[in-house]
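I wanted to go through this model entry by entry, noting what I looked up and what I found. The notes below follow the order in which I turned to each part.

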Amino acid sequence: MIKFYHVYKAYDNRKQFALKDITVSIPKGEFVFLTGPSGAGKTTFLRLIFRELKPTEGKVVVHNKDTMHISKSDLPDFRKKIGVVFQDFKLLENRTVFENITFVLKVLGYPARFREDKAYSVLKWVGLQHKFNEYPKSLSGGEQQRIAIARALVNDPLILLADEPTGNLDYELSIEIMKLFERINNRGTTVVIATHDKNMIDMFKKRVIRLEHGHLKE
Ligand code: ADP
Ligand code: ADP
């Protein structure tokens with residue numbers, strides 16, 4: 001499902017590698033924590049999966065596709081199968097929950113009726129269907145993150161990536177959000193979560209990929 005073969009990544013004009021010789025395989029349906037100190041390369045790892053970045057050397061294979069060879073016209077289809085969730089939610093402040101969730105569906109040209117049905121079913125699934133017409137500002141941090149997760153699910157992704165998804169949430173809410181990721185994973189979606197929240201890693205007992213200074217440690 002996700003394979004890294006001897007992957008090196010250097011950002012422009014830098015001699016230092018953010019990732020060095022990473023070879024790792026994440027099978028379909030797995031739940032993985034990606035951890036390591038700040039600057040270890042976690043975000044870079046996720047961005048390589050999403051083809052926001054290409055490897056400097058080596059190969060990243062996602063859904064049997066070498067990400068080096070995805071054409072510009074195939075990129076939207078490739079990304080449709082990957083949902084992404086961020087620490088700061090990245091919701092559009094001047095759009096309702098419904099508009100936030102269906103923004104991408106609109107760009108992809110899906111009709112209004114389909115967008116409404118889909119938004120309603122994913123919102124129901126995260127328990128926030130009553131927030132359909134609210135604006136993000138009126139929601140708590142935990143609710144905003146659940147909306148962001150609902151948004152990541154509208155395209156029925158095969159892979160869900162999350163970058164420090166509980167970084168802005170307290171302990172109780174973090175557990176709630178992790179349980180939601182577990183439910184998503186139980187439906188067969190591969191889940192990769194970058195986090196340095198040791199509490200969550202200890203509590204949820206999943207496979208751990210540890211990075212340090214760009215090297216794979218564990
Ligand atoms: P983490 O997510 O584990 O904190 P990152 O993947 O963000 O780690 O960063 C890994 C290394 O790459 C760090 O040394 C960081 O400074 C560097 N880096 C990250 N993004 C960029 C960028 N856009 N340009 C240059 N260097 C970057
Ligand atoms: P459905 O019968 O349409 O699947 P559910 O209430 O079970 O209804 O799911 C709600 C929505 O969440 C669905 O539209 C589904 O496509 C979306 N979804 C996509 N991927 C996942 C996932 N891995 N886990 C949970 N929901 C998902």
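Before placing any residue, I note that helices (H or I, at least four residues) and strands (E, at least two) are DSSP runs, numbered from the N terminus. With that in hand, I placed threonine 195 in the loop between β8 (190–194) and α7 (198–204). I keep in mind throughout that this is a predicted model.

**Entry 1: tyrosine 171.** I next looked up tyrosine 171, which I found in helix α6 (residues 171–186). Its relative accessibility of 41% makes tyrosine 171 partly exposed.

**Entry 2: ligand 1.** Which residues come nearest to ligand 1? I count 11 residues around ligand 1, and those that come nearest are Gly39, Gly41, Lys42, Thr43 and Thr44. By class, I find that this shell divides into 4 nonpolar, 5 polar and 2 charged residues.

I then went through the contacts of ligand 1 one at a time. On the backbone side, a polar atom of glycine 41 is 3.0 Å from an oxygen atom of the ligand, and a backbone N or O atom of lysine 42 lies 2.9 Å from an oxygen atom of ligand 1. From a side chain, a polar atom of tyrosine 11 lies 3.5 Å from a nitrogen atom of ligand 1. Ligand 1 has 560 Å² of accessible area on its own, and I note that the protein covers 62% of this.

**Entry 3: ligand 2.** Which element gives the largest share of the shell around ligand 2? I found that helix α4 (residues 112–125) does, with 4 residues. The residues around ligand 2 are Lys118, Ser121, Val122, Trp125, Leu153, Asp156, Ile184, Arg187 and Thr189, and I sorted them into 4 nonpolar, 2 polar and 3 charged.

Taken alone, ligand 2 exposes 530 Å², and I note that the protein buries 68% of that.

**Entry 4: the largest pocket.** The largest pocket holds about 570 Å³ of space. I count 22 residues in its lining, and those closest to its centre are Phe50, Arg79, Ile82, Val104 and Asn155. The elements that contribute two or more residues to this lining are α2 (75–80), β6 (82–86), α3 (97–107) and α5 (141–153). By class, I find 14 nonpolar, 3 polar and 5 charged residues in the lining of the largest pocket.

I followed up one of these residues, phenylalanine 50, which sits in the loop between α1 (42–49) and β4 (57–62). Phenylalanine 50 has a relative accessible area of 17% and is therefore buried. Between phenylalanine 50 and leucine 105, which are 55 residues apart in sequence, I noted a C-alpha to C-alpha distance of 18 Å.

**Entry 5: backbone angles.** Histidine 6, in strand β1 (residues 2–9), has a positive phi near 45°, and with a relative accessible area of 48% histidine 6 is partly exposed. Phenylalanine 89, in the loop between β6 and α3, also has a positive phi, near 65°. I find phenylalanine 89 buried, because its relative accessibility is 9%.

Terms used. Residues are numbered from 1 along each chain as its sequence is written. Chains are lettered from A and ligands numbered from 1 in the order in which they are written. This is a predicted model: local features need pLDDT of at least 70, side-chain atom pairs count only at pLDDT 80 or more; totals for chains, interfaces and linings use all residues. Side-chain values use heavy atoms; hydrogens and water are left out. On a 1 Å grid over the protein atoms alone, a cavity is a set of points where a 1.4 Å probe fits but cannot get out, and a pocket is an open set with protein on both sides within 12 Å along at least five of seven lines; lining residues have an atom within 4 Å of a point. Grid points are joined across faces, edges and corners, and a volume is the space filled by probe spheres set on the points. Ala, Val, Leu, Ile, Met, Phe, Trp, Tyr, Cys and Pro count as nonpolar, Asp, Glu, Lys and Arg as charged, and the others, Gly among them, as polar. A residue is near a molecule or strand if one of its heavy atoms lies within 4 Å of it. Accessible areas come from the Shrake-Rupley method with a 1.4 Å probe; for residues, only the protein chains shown count as cover. Buried means under 20% relative accessible area, exposed over 50%, partly exposed in between (1.4 Å probe, protein chains only). A polar contact is a pair of N or O atoms within 3.5 Å; within protein, one must be able to donate a hydrogen and the other to accept it, and residues adjacent in sequence count only if both atoms are side-chain atoms.
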